[in-house]
Amino acid sequence: MLNYRNTTVSFFFLVLILIVFGAAGIMLFSLVAILYISLLALGSARIQMNFYLKSINRGSPDKAKVALTFDDGPDEKTTSEILNVLEKHQIKAVFFCIGNKIEINKHILKRISDNGHLVGNHSWSHAFLFDFFPPGKMILEIKKTDAIIEKVTGKQVNIFRPPYGVTNPFLSRAIKKTRHTVIGWSLRTLDTTQKSEKVLEKLERQLKNGDIILFHDTQQETVRLLDKAIMVIKNKGLEIVRLDELVTIN
Ligand SMILES: [Zn+2]
């Protein structure tokens with residue numbers, strides 16, 4: 001299996017063999033180092049590889065079901081509008097919320113939970129440098145966010161989505177302590193960067209059984225397209241279910 005441990009052990013022995021057999025020129029060493037670093041970077045950027053930690057990224061391909069997930073809220077305006085659309089269609093989703101946004105929008109989080117959606121932890125700060133935080137600081141952020149979610153909703157939080165979907169050895173150590181189930185995605189809609197038409201085209205083209213679909217409840221563009229996106233999904237014969245109906249969460 002291609003993961004951090006196996007990769008590191010394999011490269012360690014590769015370097016050892018090169019040294020033992022005297023085949024170690026500077027060019028060859030540089031090549032091996034570049035390959036190793038590239039693999040680590042790829043594993044960091046692609047949560048679906050399960051390179052540093054185990055994550056759930058999709059449901060069963062045998063059932064015509066998908067789940068919607070919304071990141072980076074709660075936002076006073078856009079999250080409320082997203083909730084209205086979901087309510088109209090009687091769809092339950094997951095909201096991966098940021099702690100410092102919950103602090104100023106507790107009433108929105110309460111509505112998310114009261115409407116029957118799942119709430120997940122998406123760190124306290126969603127800081128740009130979150131991936132460089134030491135494990136201890138990550139744990140503090142995750143626990144602080146758990147605490148505010150539990151205080152507002154009265155429910156325990158057991159799912160976490162890393163900011164930017166980036167994983168690394170620090171996060172792996174933090175998650176071992178906090179014991180969250182890490183949730184990734186199988187279909188990124190790119191709703192933060194693409195226009196509605198492009199997002200809908202992508203859904204139409206790529207949607208498949210078991211998909212965990214990534215949206216952001218902080219985008220006006222997402223509010224505009226959600227109604228149509230739901231129709232696209234339904235027209236493909238897929239049922240939209242809550243994440244815990246699509247996958248098993250420990
Ligand atoms: Zn995010």
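These legends walk through several close-ups of one predicted model.

Residues are numbered from 1 along each chain as its sequence is written. Since the model is predicted, local features need pLDDT of at least 70 and side-chain atom pairs count only at pLDDT 80 or more, while totals for chains, interfaces and linings use all residues; side-chain values use heavy atoms, with hydrogens and water left out.

**Figure 1. The whole protein, before zooming in.**
The protein has 10 helices and 9 strands; these are DSSP runs (helices are H or I with at least four residues, strands are E with at least two), numbered from the N terminus. Along the principal axes, the C-alpha atoms fill a box of roughly 70 × 40 × 30 Å. Of the 250 residues, 51% are buried. Here buried means under 20% relative accessible area, exposed means over 50%, and partly exposed is in between, using a 1.4 Å probe and protein chains only. Take the contacts (heavy atoms within 4.5 Å) with a separation of 6 or more: 76% of them are between residues 24 or more positions apart.

**Figure 2. Helices α1 and α2, side by side.**
Helix α1 covers residues 4-20, and its axis comes within 11 Å of the α2 axis, crossing at roughly 180°. The axes are lines fitted to C-alpha atoms, for helices over the stretch in contact, and angles run from 0 to 180 degrees between N-to-C directions. Sorted by class, the contact has 13 nonpolar, 2 polar and no charged residues. For that sorting, Ala, Val, Leu, Ile, Met, Phe, Trp, Tyr, Cys and Pro count as nonpolar, Asp, Glu, Lys and Arg as charged, and the others, Gly among them, as polar.

Most residues other than glycine have a negative phi, and most peptide bonds are trans. The bond from Gly73 to Pro74, though, is cis, with omega near 0°. Pro74 sits in the loop between β2 (65-71) and α3 (78-89). Asn50 isn't a glycine, yet its phi is positive, at about 50°. You'll find Asn50 in the loop between α2 (26-45) and β1 (55-56), where this residue is partly exposed at 28% relative accessible area. Gln90, also not a glycine, has a positive phi of about 55°. Its place is the loop between α3 and β3 (94-97), and Gln90 is exposed, with a relative accessible area of 71%.

Side chains of opposite charge can pair when their charged atoms come close. A salt bridge puts a side-chain nitrogen of Lys or Arg within 4 Å of a carboxyl oxygen of Asp or Glu, and the whole structure has 9 of them. In one, the closest N and O atoms of Glu245 and Lys65 are 3.5 Å apart. Glu245 lies in helix α10 (residues 243-246) and Lys65 in strand β2, so this pair ties together parts that are 180 residues apart in sequence. Glu245 is partly exposed at 47% relative accessibility, and Lys65 is partly exposed at 21%.
Asp71 and Arg161 pair up at 2.7 Å, N to O. Asp71 is in strand β2 and Arg161 is in the loop between β5 (159-160) and α7 (169-178), 90 residues apart. Both Asp71 and Arg161 are buried.
Arg224 and Glu221 form another bridge, with their closest N and O atoms 2.7 Å apart. These two both lie in helix α9 (residues 220-235), 3 residues apart, about one turn of the helix. Arg224 is exposed at 53% relative accessible area, whereas Glu221 is buried at 12%.

**Figure 3. Glu141, a buried residue without a salt bridge.**
Glu141 lies in helix α6 (residues 135-153). It's buried yet has no salt bridge, and the nearest side chain of opposite charge, Lys137, is 6.1 Å away. For charge, Lys and Arg count as positive and Asp and Glu as negative, while His and the chain ends are not counted. Leaving aside neighbours within four places in sequence, Glu141 touches residues including Trp124, His126 and Phe130.
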